[in-house]
Amino acid sequence: MRVAVRSCTATRVYLIEADLDRLQIERIATALLTDPITEEWNIDAGESVPGSSVVEVHPLPGVMDPVALSVRSSIVELLGLDHAVPIEVATGWRYDLRMAEPEHGRSIGAGVDDAAADLAARLLANPVIHRVVRGPFQPVTFPRVVPHEHSVVHISVRGLDDAGLNRLSRDGHLFLSLDEMRAIRDEYRRIGRDPTDVELETLAQTWSEHCVHKTLKSTVVYRDTEGQSGISKDVLKWRGRPGHTLNADGSVTIHNLLKSTVAAATHELISEGVDWTLSVFNDNSGVIAFDDQTAVCIKVETHNHPSAIEPYGGAATGAGGCIRDVIGTGLGARPIANTDVFCVAHPGQWEERTGWTRTERQRFAQGVDPWFCESDGPAALPPGTLHPRRVLTQVVAGVRDYGNRMGIPTISGAVSFDNRYIGNPLVFCGCIGVMPRNRVKGCVQRGDLIVALGGRTGRDGIHGATFSSAELEHTAADEFSHAVQIGNAITEKRVLDAILRARDDQPEPLYSGLTDCGAGGFSSAVGELGKSVGAVVHLERAPLKYPGLSYTEVWISEAQERMVLSVPSSNLCALERICAEEGVELAVLGEFRAPEGSTADNPDLQLLFKGIEVGRLSMRFLHDGIPTPHREALWSQKQSVESEPSPVRAAGNSSRSSHRGSAAAAAPSIREALPRLLGHPNIASKHWIVQQYDHEVRGASVIKPLVGPAGRGPGDASVICPVAGASRGLAVACGLQTPLGDPGIGGDPYAMTLAAIDECVRNLVCVGADPDRVAILDNFCWPSCKKPENLGSLVRAAEGCYDGAKAYRAPFVSGKDSLNNQLTLTHDDGTSTTIEIPPTLLITGIAIVPDVARCVTMDVKRPGSLLAVVSGSPRFAADDLYLWGTIYAQVFGCGGDCECPQTVVDLKSGPAAARAMHRLISGGLVRSAHDVSEGGLLVALAEMLIAGSTSDSPIGAVLDDDMGDSAVWFAEPASTYVLEIEDAAIVRQNVRTIVESTPGLHFRVIGRSNDSGMLTLGRSEWSVGSLTKSWREPLDW
Amino acid sequence: MNRTPRATVIRAPGTNCDAEMCRAFELAGASVRLVHIDRLIERPSTLEDADLIGFPGGFSYGDDIASGRILAARLRDRLYASLRKAAERGVPMIGACNGFQVLVQVGLLPGPASGEQWPQSAAPAQRCALTHNQTGRFIDRWVRVRIEASTVCVWTRGLHDGWSDQSMMLPIAHGEGRFVAESPDLLASLRQAGQVAIRYAEPVNGSDDDIAGICDLTGRIFGLMPHPERYLDWRLHPFWTRLDEAGRSGRREPPGLLMFRNAVAAAAEVAVS
């Protein structure tokens, strides 16, 4: 039944269980819970609004409810109660929904309440964390957890055969491979006993893909389906790579993929003289020098699977976890900026209907198109998935609430839309921190206390590390709801305040090392810190949210906002004082030392619960016992030739063509094409998101995400000043070029990776950053790499990381991978559909801006300037541009002009273009600069005008119409920039000298700005106002 | 005054604009002490030597229940007497964003009407509110503002003219910033008494009368939703890259910093007299 809501009244509900009299309750209502000017209050459930259905939404028991905690402590203080007085608070929302009659006028009677409850369940609640109650919710009492005794459980593995080991791995949610299970069995056979439950869990957490990146560290045998000839003809040159062996049969063996590609580039650059990295790959974030005294660090994480199930909590805790990574770097860093990138399905192309019809099953049998044809109408959401609009709205809210509350500006990001992210959205959260250079490294000392700070431990987030390493199935929401976490940013803010005081209030920090509790909880944090010295942990000492947790739950819970510190016992008192002053809970869990029965050079991890040993693992086995997996990777050069060449889709063509489809109808005119492209969701303005983030807090954001006189322009990179008052800045940007690696259109992840690095560098350079001081990060999000074809594409991306980093002299300093991003749907008839995401590599970059006073933004500044292109793309120079892989091709197709290019980025002229641009910008020769990316040159120019023109001072431009056809204007060439330059004299005297002294660079003046407020290209003309509308409206939610 | 005025900036869990407010006071010539609310409650006398008091922005106590609610409730209950004495001594106070939300709920703004005194024992009743933006959404952007020529506010002294539209801007970042007065009468009396210090010069959040900030009758207690402490340097202006030096701030220091300079100067006058 479809019903509309006519009106809705929302009421905050506070359930308070305590022995209070009426006066006290009224005092709570007036002095604490309501505003006398704007709100009303009721004790007990008020009358419903006439004609309305009442629905209440409350968190499920055990779900983090930060407001309830605050209300509780405020009531205690307000009424002067004793802290031990039993008082419990829960909060919820009440909605009085007045539903409209259905169209045909018949009364829907009792159906109204059903409809209201259904609506609330779908839109106002998430069954994973909420319960929906019809009518006022007045429970007699709160649910109580009944504590029970836990005894040590041993799990027999020594007698298990392969089938048994596999079953144990799956049923116990361990997600370990057969080889790993065998290694565990053999170890326990060796020591002559079976593991306890907590030992097995510890191994599963520590050995999870999420924690050890075993795919990226595996030995990979890579084959081209063309064999020797494929390898030798490849644009990717296989000879001479570190850690690679070329085999006689034409295959390539790569020993430790990560070490031989991403990390190898960094280490080679360091040995070649890049002397400003301070800590790479071995801490919670990567650290580089900022100036002589200060270092900056950066980490980017994904939180995809939790966000698929509960987008708000998933994204918020993703942000929170990444922030803790920065806090837990070295001896502690202060977070100063956040970044966020989201990949979701197109919101307009899906609708909430239940279940897939047979037609839809057929439609998606071969996979899901990146972008449906509008005439097909929206498809039903796959079962168990959330609508992409809801996903996006809520992940934005999650990142917003966490970052804003922590007081960290969210300054950089992107959103990319592709229908294959349905059910498996990608949520990348990044954080940048600042720290003194003498605090970059910590070192746990034998005998230090294991100290836990921050939030209490509950059942939330159990199995997060193993869950994130699993493939999503549509039953995931039921099976893994315990993996969902809700954050409490203020708890983390308190922890941050306490840690920075413990670091800075005295000459030396009060602790010798620290790390955050992320995936795997205490098990990973203590296991990591105690790796070389051992640890003795008393699990009953961890403060709990509620009683009843088993020792295993305490050990692996991923409850948020917790840090683990190693503290010399002489410093404990001082640390306790600081924590008490900052309102941070502290617990001493044990000691970092080799427990009795193990030696200092081969220490154990010992787990005790109420004095009884419940687990003991050799640190050596825990950290080094994981067998190195051998993986097969397969690549087919042919796939890029054989499959249909492009995402051909003609405007108005009703056949569902997309990337496997038919040839294009007549291409649209340029005049028609530009507004359509500006309205494409990947290009359209994201101000709706950006303005919800506080990107100004700390008062150090000198180049903000939105630039220009009306705050409309999509800046290439943001710039912050990490050191107050200093003229040196830090630019932050990203690169994302998913279509170029898309297997659906015959893309090559090698080219995609180079293009993403190039784009990231260009974005940084465009605001004034120094291209010789760029540090980058990789975040691989891939479909299952157990499939050789997917691992093949991952290998190519990793090789691209090596070549790109070397060519741009931009070291990778940190990274993360998420390698199981696909959704498998099992249908009623037993068939199944797997939707793989397109291989997605996010490159995030930070770079030094030598003097922020020299920064440039992308908004056109004045009428009468010259508009010019600088390009390091040989194709641009040769007028040999292609539309393959562009947004234009996605929208309009590209007819016969659709060769998948062999090379995308020139590794000589690309970096040279970046350096030339930096000379132009730092020399003050450029009024504005923008990179040519999604949508191409004409979109870049339109964006510059949209950013710079206002109704009071309009700016327009006339462009040369002899530049060529659509390909020139809509191609997305690498290494290409648009500049605004004051006049021809500057071009003649300065610009040409710099550009022409750089081999491989192409320079061309393509037009001139004026005060018309119109963009003119030959006979095509657009008002900047109308282009602004096309660009801002689609996502103006 | 022959000593540097001393500013006390009060923080609570979730306060997050304290560093920039401290910096603003320092650049304006004050020495600064950052104090946790719990320490103040333990020793209210700490406020006795404060020449200036700052309530910074952020999300005090997570803005749980409502923006600034819990911090305001604690201040009313535990520190009103000390704050009243400071007000009576003429100590300039500022609440920006969350700080403004707190000052309004404590009752320090709009303060006693003409001819009236601060109530002795309990904090004044709340008379205006900062509630959810009309759009229902948190918003961060720079907005054009207008300093009222008629205001008695000492923080905005001399700032009402001589600025281009482009330079008199301040950043806002709030979800609950819509100013609502308890009655049209209150609004009229605020206007008449020169207590409306700063207004939005463009549609922002649906505030009554476009009010962005108000002060008490003495002009010394000042609250506003925009963040002057985020505009201490012309390079923080949202489009400084397209303004020449004259356009940036007319060769003056940015208005955000000048507000703090005014207050520090006013604090010095009090100490002298």
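**The two chains and their contact**

Modeller: Chain A carries 95 positive and 127 negative side chains, and the centres of these two sets are 2 Å apart. This is a predicted model, so every value here is computed from predicted coordinates.

Chain A contains 33 helices and 41 strands. Its radius of gyration is 29 Å, close to the 31 Å that the globule rule gives for 1037 residues, so chain A is as compact as a globular protein of that length. Along the principal axes, the C-alpha atoms of chain A fill a box of roughly 80 × 75 × 65 Å. Of the 1037 residues in chain A, 64% are buried.

Chain B can be described in the corresponding terms. DSSP runs give chain B 8 helices and 11 strands. For 273 residues, a compact globule would have a radius of gyration near 19 Å, and the 17 Å of chain B agrees with that. The C-alpha atoms of chain B fill a box of roughly 50 × 45 × 35 Å along the principal axes. Buried residues are 65% of the 273 in chain B. Of the contacts in chain B with a separation of 6 or more, 80% come from residues 24 or more positions apart. Chain B exposes about 9,300 Å², and 46% of this comes from carbon and sulfur atoms. Chain B has 31 positive and 31 negative charges, and their mean positions are 2 Å apart.

The contact itself involves 49 residues of chain B and 62 residues of chain A. Between them, chain B and chain A bury about 4,300 Å², of which 51% is on carbon and sulfur atoms. On the chain B side, the residues that lose the most area to chain A are Ile65(B), Asp140(B) and Arg242(B); together they account for 16% of what that side buries.

Some backbone details of chain B come next. Asp63(B) sits in the loop between strand S3 (52-55) and helix H3 (69-78) of chain B. The phi angle of Asp63(B) is near 55 degrees, which is positive although the residue is not glycine. Most residues other than glycine have a negative phi, and most peptide bonds are trans. The relative accessibility of Asp63(B) is 14%, and the cut-off for buried is under 20%, so Asp63(B) counts as buried. The peptide bond joining Leu109(B) and Pro110(B) is cis, with omega about 5 degrees. Pro110(B) belongs to the loop between helix H5 (98-106) and strand S5 (128-132) of chain B.

Chain A also has a positive phi to note. For His173(A), a residue other than glycine, phi is near 55 degrees. His173(A) is in the loop that runs between helix H4 (162-171) and helix H5 (178-191) of chain A. With a relative accessible area of 15%, His173(A) is buried.

Leu258(A) is part of helix H9 (residues 257-260) of chain A. The relative accessibility of Leu258(A) is 18%, which means that the residue counts as buried. Leaving out residues up to four places away in sequence, Leu258(A) touches Leu216(A), Lys217(A), Ala263(A) and Ala264(A). Along the chain, Leu258(A) and Glu799(A) are 541 residues apart, yet 9.5 Å separates their C-alpha atoms.

Cys573(A) is located in helix H20 (residues 572-582) of chain A. Exposed is set at over 50% relative accessible area, and Cys573(A) has 60%, so it is exposed. A distance of 9.7 Å lies between the C-alpha atoms of Cys573(A) and Leu510(A), residues that are 63 positions apart along the chain.

Terms used. Residues numbered from 1 in each chain as written. Chains lettered and ligands numbered in written order. Predicted model: local features only at pLDDT ≥ 70, side-chain atom pairs only at ≥ 80, totals over all residues. Heavy atoms only, no water. Helix = DSSP H or I, 4+ residues; strand = E, 2+ residues; numbered from the N terminus. Rg over C-alpha atoms; globule rule 2.2 N^0.38 Å. Buried < 20%, exposed > 50% of the residue type's maximum accessible area, 1.4 Å probe, protein only. Contact = heavy atoms within 4.5 Å. Areas by Shrake-Rupley, 256 points an atom, 1.4 Å probe, with all protein chains shown as cover. Lys, Arg positive; Asp, Glu negative; His and termini not counted. Charge placed at Lys NZ, Arg CZ, Asp CG, Glu CD. Buried area = accessible area lost by both parts, 1.4 Å probe.
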